[in-house]
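Morning, everyone. Let me put the structure up, and then we'll walk through it.

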Amino acid sequence: MRATKMIEGHLEIEVPAGVPAWDVDPYDTAILSDPTEYFKELRSKGPFAYLPRYSMLACGRFEETKEVFSDWHRFVSSRGVGIHDFSLEEPWRPPSIVLEVDPPYHTKTRTVIERALSPRAVGKLRVSFREAADKLIDELLEKESFDAVSELAEAFSTTVFPDAVGLGETDRRRLVDYGELVFSALGPDNELRRNSMAKGLEAGSWIMEQCQRDRLKPEGFGAAIYAAADEGEITEEEAGMLVRSLLSAGIDTTVTALGSAIWCLARNPEQFQRLKADPQLARWAFEETLRYISPVHSFCRTADVDTEVSGIKIVKGTKILCVLGAANLDENHWPEADKFDIERKPSDHLALGVGIHACVGQNVARAEGEAMLTAVANKVGSIELSDEALWRPNNSIRTLDRLPVRFCAA
Ligand code: HEM
């Protein structure tokens, strides 16, 4: 007999046969601040664990996480990529028309956004990204010490990215707070979610205003998306929603990745010296950071059919927490997975997703990462932590709150 009760906006399920129940709260702030042991234990439970507190499954091994995350026929995104099931509960904002939809509608919106963010369009930005990174690093070298989260990662991403989108104005706080809200809202009704709602909702109305055609410069990703509305491919309203997707997904993720990259290099000085010896490794240092500290630690899928994965029966309506951060540290997939190694070249990590929803902004993220890490490799002699790093718990992203560092000139 099937359960019909609701829990945190989704269907309560019975424990599937062969799946261990594990009384852990993956949204606990201590775990979110340092998930290493939780990731390990999750993988040790088998292909899936059942989390009684939320009545959902969680997976953290590479193979199953990849299978569930990429098979959109069976595990849909249209029922929400967070804990809430949009087919049962109204979402807090109109859903994303690219991230939170399935084909055939997804194919239409994805085509438009993919064209706007094409390798050619992103290629044109590389020089300005490099110049901005060089200038910022020169300024930071003048300081005794600084916070690499606010003064490097946020300062860089909230300048170059809004400019690439073509925003008429930028506002670092609102952009970051809105991203924090969007990612925290994917989790349960906990204090983190409530706090980010309180902080980010005002930013939300500002974001929506910036997405309007008349606010955008004639050159930029935003204008390219509106050009598709002129061609009748999408409506004017859909164009605004797609620009919103860029602003929701494109700031906090890269801020997180840049902050974590500096953290990894500061803690692994021999790796930083490898990078300095060959700055061409900048793109791989960024990639290894994504694997090692996956910015999106977990997103959900919902089973839309009765199905089976690795011999485990999964009933329709089951929410599955896909723990990308754990999968990217699976020692069965990467030897010495817990070692940060910029020469590993981990091209198949899951940090940018996989399958039809794989990050559409990955070229932009990589261009930002490469520009920044090349500038750091060329100009900085050594990186020292000048105080303790502090993590900022969030229901879906793993991000630093503060990273006090000192750069010594090369
Ligand atoms: C290091 C930085 C980034 C990380 C780690 C990241 C991560 C991800 C992940 C894991 C997904 C897949 C979500 C899923 O399958 O449910 C995704 C999708 C997406 N990302 Fe990113 N992202 C980053 C940067 C960006 C940037 C810079 C943009 C905008 C230019 C962006 C826009 C999007 C959009 C619109 C989607 C939805 C694509 C779809 O559903 O077809 N992301 N991202």
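Which residues does Ile225 touch, not counting residues up to four places away in sequence? They are Val112, Ile113, Ala116, Ala239, Leu242 and Val243. Contact here means C-beta atoms, placed from the backbone, within 7 Å.

Ground rules. This is a predicted model: local features need pLDDT of at least 70, side-chain atom pairs count only at pLDDT 80 or more, and totals for chains, interfaces and linings use all residues. Residues are numbered from 1 along each chain as its sequence is written.

Now the core. Ile225 is among the residues with the most contacts inside the largest nonpolar core, which has 126 residues. Others in that group include Phe156 and Cys322. Helix 7, residues 148-165, gives the largest share of this core, ten residues. A nonpolar core joins buried Ala, Val, Leu, Ile, Met, Phe, Trp, Tyr and Cys through C-beta atoms within 7 Å. Buried means 20 or more other C-beta atoms within 10 Å of a residue's own.

Three strands form an open sheet, order 6-14-11, paired antiparallel. Strand 6 (146-147) and strand 11 (380-385) are the edges. Pairing takes at least two DSSP bridges. Strand 11 and strand 14, residues 404-409, share five. Leu385 has Val405 as its bridge partner in strand 14.

Last, the ligand. The residues closest to the ligand are Gly250, Gly353, His357, Cys359 and Gly361. Helix 11 (236-249), helix 12 (252-267) and helix 16 (362-379) each supply at least two shell residues.

Technical notes. Buried ≥ 20, exposed ≤ 12 C-beta atoms within 10 Å, placed from the backbone. Helix = DSSP H or I, 4+ residues; strand = E, 2+ residues; numbered from the N terminus. Contact = placed C-beta atoms within 7 Å. Near = placed C-beta within 6 Å.
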